[in-house]
Amino acid sequence: MFAYVARQAIYDSEKRVFAYELLFRDGVKNCFPDISPDEATSSMLAGSHLSVGVESITGNKPAFINFHQDTLLYRFPSTLDPLNVVIEIVETVKVTSELIKACEHIRDLGYQIALDDFDFSKQWDAIMHLVSYIKLEVDLVNLDDPIVIQTLADFKKQGKTLLAEKVETHDEFERFKGAGFDYFQGYFLSRPEVIKHKDIELSTTSVAELVGISVSEEFDIEKVNKVFEKDVGLTFKLMRFINNPMFNKRQKIETLGHALKYLGHVELKKFIALLAIANLKGNKPIDLLVTSLVRAHFCKLLATAMGQKEDPPNSFILGLFSKIDALLDTTMVDVLKTLPFSETIVDVLCEVNEEGTLASQYRLCKALDRADWDAIDTISKETKLSISDIFSMHYEAINWANEMKSTFD
């Protein structure tokens, strides 16, 4: 049995990833009949759902997980590690004496509790003493209202942590940051900014040369070898990549010639693409690169499941470069003018073409990011891939990306 999961990042005031909100559904039917299948944040959890491990989905960052009425009353949160999880109480619950007792029990077990989509209603007063985080949708909060400002200030005095949801613009981010909010969630933050980290420098010229060779009609391995030989940084990255146990589980690679021969043309083309995207990343947060890696491997797995050939590795390239606009802070149309991709890939990434296998893979990546369960279900039927298989491949891609990022640290 699988938990069908999407994740959305939660950022701090410096636009660094603090946690992820995990959005669960059971994928076929909900665990309780009074919960609508259309509720995108429904978290119907059982022990078998969590075999993948929450920490593998979040990269060991805290996980915010939504819980509805019955899942709280039946103490489903107790199947999770309180050190890794924040329990979100959704706005549709009814505050009853039974619910209060359930929340007290959850709190006493060591869990932190978040109140989702807080609407300033008095009904929440009865459980407010149990709440650590208060999440508010920015379009429903009037920061010009002195009563609202005083209420927010009171929450801060009580030690509550304020989290702004649905942050869509830079202006909203700055206004709510100035109003004392601690954390932020929304599509504006899909383009986070500078975080410093150490990395071995690569020659931009060498990377560009490799990209040129990889997209030429005849892939010349000797030319590739010469580029690697003159750039120690490239060779270092290659060795780290190929010796990563998530890629190579059979033998250690100790020489450049052995590495290139072992990889083969298809995997070498993929590695060159990885180098290019990592080089383009510059000072952007590693989390944005990891998202690109997840999409790349996920699309590769989808391609195999859909019977696509791997040379050229179009699906991998599609997923890997699907966030390139965020990496370069520009439009997808403008950035793709400078990259030697096929018209097919360009049309899909620019959303000119939404038909065909590549377009389906791209649409599925976006649907998973947004926890758009209806779209996932539709694409599942179009591609004849089961929802269980889709999420199994997504889990595998997340684990692969988390391991691969060490190659580029």
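1. Let's start with helix H16, on the side that looks outward: the face turned away from its buried side carries the exposed residues Asp 374 and Lys 381. Keep in mind that this is a predicted model.

2. Now the other side of that helix. H16 covers residues 373-383, and its buried residues are Trp 373, Ile 376, Ile 379, Ser 380 and Thr 383. Looking down the axis of H16, you'd find these buried residues within an arc of 125 degrees, so they line one face of the helix.

3. Have a look at what comes just after H16, too: Lys 384 has a positive phi there, at about 60 degrees.

4. On to the packing. The largest nonpolar core has 121 residues, and Phe 228, Phe 298, Leu 320 and Phe 321 are the ones with the most contacts inside it. Helix H9 (residues 256-281) gives the most to this core, contributing 13 residues. There's also a second, separate core of 9 residues, with Phe 18, Ala 19, Leu 163 and Tyr 183 among them.

5. Leaving aside residues up to four places away in sequence, Phe 228 touches Leu 210, Leu 234, Thr 235, Leu 238, Leu 256, Leu 260, Phe 271 and Leu 275.

6. Last one: Leu 327, which sits in helix H12 (residues 324-328). Its relative accessible area is 4%, and buried means under 20%, so Leu 327 counts as buried. Leu 327 and Ile 277 are 50 residues apart in sequence, while their C-alpha atoms are 8.6 Å apart in space.

How values were computed. Residues are numbered from 1 along each chain as its sequence is written. This is a predicted model: local features need pLDDT of at least 70, side-chain atom pairs count only at pLDDT 80 or more; totals for chains, interfaces and linings use all residues. Side-chain values use heavy atoms; hydrogens and water are left out. A nonpolar core is a set of buried Ala, Val, Leu, Ile, Met, Phe, Trp, Tyr and Cys residues joined through side-chain atoms within 4.5 Å. Buried means under 20% relative accessible area, exposed over 50%, partly exposed in between (1.4 Å probe, protein chains only). Helices (H or I, at least four residues) and strands (E, at least two) are DSSP runs, numbered from the N terminus. Contact means heavy atoms within 4.5 Å. The arc is that of the directions from the helix axis to the C-beta atoms.
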